[in-house]
Amino acid sequence: MASTIPKARIAFFDFTCCEGCQLAVADALQTHLDLLEAVEIVNFREVMSEKSDDYMIAFVEGSCTRMSDEARLKVIRENAQILVALGACAHIGGVNAIRTGLDIAGVRRYVYGEKAMFFETDSARPIDAVVPVDAYIPGCPIDLDEFVRTVKALLLGRIPILHDYPVCVECKMKENVCLYTIDKTCLGPITRAGCGAICPTFGVGCEGCRGLISNPNIRSLKEVFSENGFDEKTLMEKMKIFLSYQTMESES
Amino acid sequence: MTKTMKEALHSPSIYMPIPAWITNIRPMTKLEKLFTIELPNGMSLNHDPGQFVEVSVFGVGEAPISISSSPSRSDGSFELCVRRVGGLTNALHSLEIGSTIGIRGPFGRGFPIHRFHGKDMLFVPGGLGLAPLRSLIGQVLDERHNFGRIIILYGARHPSEQLFKDELAEWEARDDVELHLTVDRPDDDWKGNVGVITILFPKVQLHARNTVAVTVGPPVMYRFVLAELLAKGIPEGNIWLSLERRMKCGVGKCGHCQIHHIYTCQEGPSFSYAEIKHLKEAL
Amino acid sequence: MNRRGYGEFEMTFKIIPKSVLAEWFDALNRDYRVLGPKPKAGQFIFDEIQTIEDVDLEYPTTILPPKKVLLPTKEVLFSFDANESQFEPQIEAVPVIILGIHTCDMHAIALLDHVFSSGYPDQHYLARRTKTTLISIECLKPCSEHAFCKDTGTLSVTEEFDLHLTDLGEDYAVDIGSEKGELIMANAPGVREAEIDDYQRLETVMSQKWARFPYRLNFDVSELPSLLSVSYDSILWKILGTKCMGCGSCTVVCPTCYCFDVVDEIDFSLETGERIRVWDSCQLNMFATVADGHNFRESHGARVRHRFFRKGKYLASAYGQRGCVGCGRCAQACLAHITPIETFNELYRRQFLTVYEPRGTMP
């Protein structure tokens, strides 16, 4: 079966992001030499200078924040057979989407001050708000194993399906002490698993970087917050970091 | 004697399939293909109509698929009619003749065909439901003398979605089979009935007490078809159907196919209506 | 698994002084992987113990039950080479001792034994189970406000134990339940036969114990299956459904939840790989979803109901043993405070409501 599949040409692109997910990919390439043998990388600014527009799989990191991004993203979509959103910014708007619902001109002045007029900026959107996306690798940053699993699935001609259950599942399997029992907050009960509950494992409450599960019970989480001495505002603030765009979408 | 799958299950692991080969692929509709599968060393599947197998595509996973061919026509191989709806079935559709897959089974309880002897048989498949029912219909036709009338009411959404068209034509041509077809949405060439499957019921007169009805189709269809069958006066114990569940392990362990205390993969997927009418999550 | 001859009413036991436990454990550690209750950030987990100092046999409860040893969260079932049509089963089994198992968890293991040895016996579970030695311990005081083992009848050990310990202060009384148990007792230093005096000490400890445990259900547990039967359409499931976040913690920590999913992991050759079993849960979105996307238990409420029915009724119908052993872990793990005690008591209370409440319709 496999021998009939030609080496897949893959490419990486970035929009508004910190490029941390591409660094994570570069990391994965160092520890998975078989990955490098299975694919041919034709475009990856982080690690090489050559460029090509002939690719099968495009991994896009970053959110769409400028009108000019849209045209570039559409070209990538045209060129690629499979488009993958790489990381939280591309998947759900990421931290950039904190500006969701705010006055954009005001945001621009706040960030760039007097030089605001020289910088184009708009609301931050996940890339599937602009073009159809075939697969997602969530997280800030992405999980290396998930990246590797996704590439394998795509090479097999499959679109991997994301887990649709909360981080708590993985956290409990790791036998972590629930952070709520030690006076901390955590968005684990509403956030999509797949990270192996890495933050709670190290004592840090989940911030929701992998996005909401399909049916989050936010009302119940509000009660959990208030019982544990945190108000609704704290929850909303916490959900702003990564979940602004998804929250706005589910409300509209 | 050939080795049967039952013996093969005495393998070191109940979760380990045996290798099998795709020896023929027949496209049926846009979404469905009929695969002919051969087991190694002339092994016979030895299945009952209504049973299913777990099919593996290595690297993708495993899924339950009901057996489409009748035991009486198995001849060292069997057939699976597969709709392309997800990970595993997409992968199956991309395979070619000669590809290796894995098979475990047959699993579950099929239709108790011996209990149907002497009865008039009313088959009511809807859509893909014809795939598992074809296994039983074939067996019944091959021992035609054991049964009374044979009536088949088949509903498909669109003429292009009808399965096993050549066999439908064969059944149509037989004077000992009463076949009624309908489609929800006709095309320009369609001259037959139009409407959901229940419109076919007024067309048949039954001797209800002597009729066994077997229906297989999507969950939404059952509610309406069951109402018709009961209205006709067919006894609840003579109405049989097949329940679809996500039978992940096939061996009554993984829990996915559980309806109340019943493991569909063990006690089903074939049930009489009398058996499941009190199980609230069944339909 | 280990049937013990109770027939001839032979109640002999041995005495092992606590002072020699360290030495005994050093000896056991040479031949076994020894797991016992170990503290973790204020709670306890069953973990590998090197010396007796690691373990606290007076622990209240653990986050995960010992099922994780017999049915790991993730295990390879077999490896495959699709190209060569070759499969290699992975039936792993190293000798393990699980020390300090509470009696509720012993009942749970008895149920798992039943599930995995009946019908199609699960070789992976059974291989591990055969190599596992169970050292249980008598519970002398309630471990949490959520435990209701006195109600569920799980406050006494089942016959699955290899050794059963009862804390007598300076010593443990040791009941030997099997040859496996005899074997490891052979390694124990300073063991002696119990004498009249020891029988009296044991009797005192045992007779004082029962009064410390409260009943927490407002009805006898034998009524639970019929209570659930009449409560299928209760509006309570809807109410619990609005609280439940579908996080699956209850099933992950449950000692009798064993549902699993099976997935493939493949190498970059796209030909060789492994088929893996991972824990799954009826509380999760995809659990009862079939190929065309239809979900047979769409709402949280229907899933909560399924879990409680499974614990209180279904497993008993299928295996003759109740699914809930009263350990209280699910209640402790639930951020939304959905607990078996409150749920069952509330269903019991609602049974007698004179005014008919509107019946919840659940998909």
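Select chains B and C together: in this predicted model, 38 residues of chain C are in contact with 32 residues of chain B. Keep the chain C side of this interface highlighted and colour it by element. Two or more residues each are contributed by the strands β4 (74–81), β5 (86–89), β11 (260–266) and β12 (272–279) of chain C, and by the helices α4 (123–130) and α11 (300–319) of chain C. Among these, β11(C) provides the largest share, six residues.

Next, remain on chain C and select helix α7, residues 196–212. How many of the 17 residues of α7(C) are buried? The count is one, and the helix is hardly covered.

Now hide chain C and turn to chain B. The domain assignment divides chain B into domain 1, residues 5–107, and domain 2, residues 113–242. Colour the two separately; the centres of domain 1 and domain 2 of chain B, taken over C-alpha atoms, are 25 Å apart.

Finally, select the boundary between these two domains. Here 16 residues of domain 1 of chain B are in contact with 14 residues of domain 2 of chain B. On the side of domain 1 of chain B that touches domain 2 of chain B, the classes are five nonpolar, seven polar and four charged residues.

Technical notes: Residues are numbered from 1 along each chain as its sequence is written. Chains are lettered from A and ligands numbered from 1 in the order in which they are written. This is a predicted model: local features need pLDDT of at least 70, side-chain atom pairs count only at pLDDT 80 or more; totals for chains, interfaces and linings use all residues. Two residues are in contact if their C-beta atoms, placed from the backbone, lie within 7 Å. Helices (H or I, at least four residues) and strands (E, at least two) are DSSP runs, numbered from the N terminus. Domain bounds come from an automatic or database domain assignment. Ala, Val, Leu, Ile, Met, Phe, Trp, Tyr, Cys and Pro count as nonpolar, Asp, Glu, Lys and Arg as charged, and the others, Gly among them, as polar. The expected span of a helix is 1.5 Å times one less than its number of residues. A residue is buried if 20 or more other C-beta atoms lie within 10 Å of its own, exposed if 12 or fewer, and partly exposed in between; C-beta atoms are placed from the backbone.
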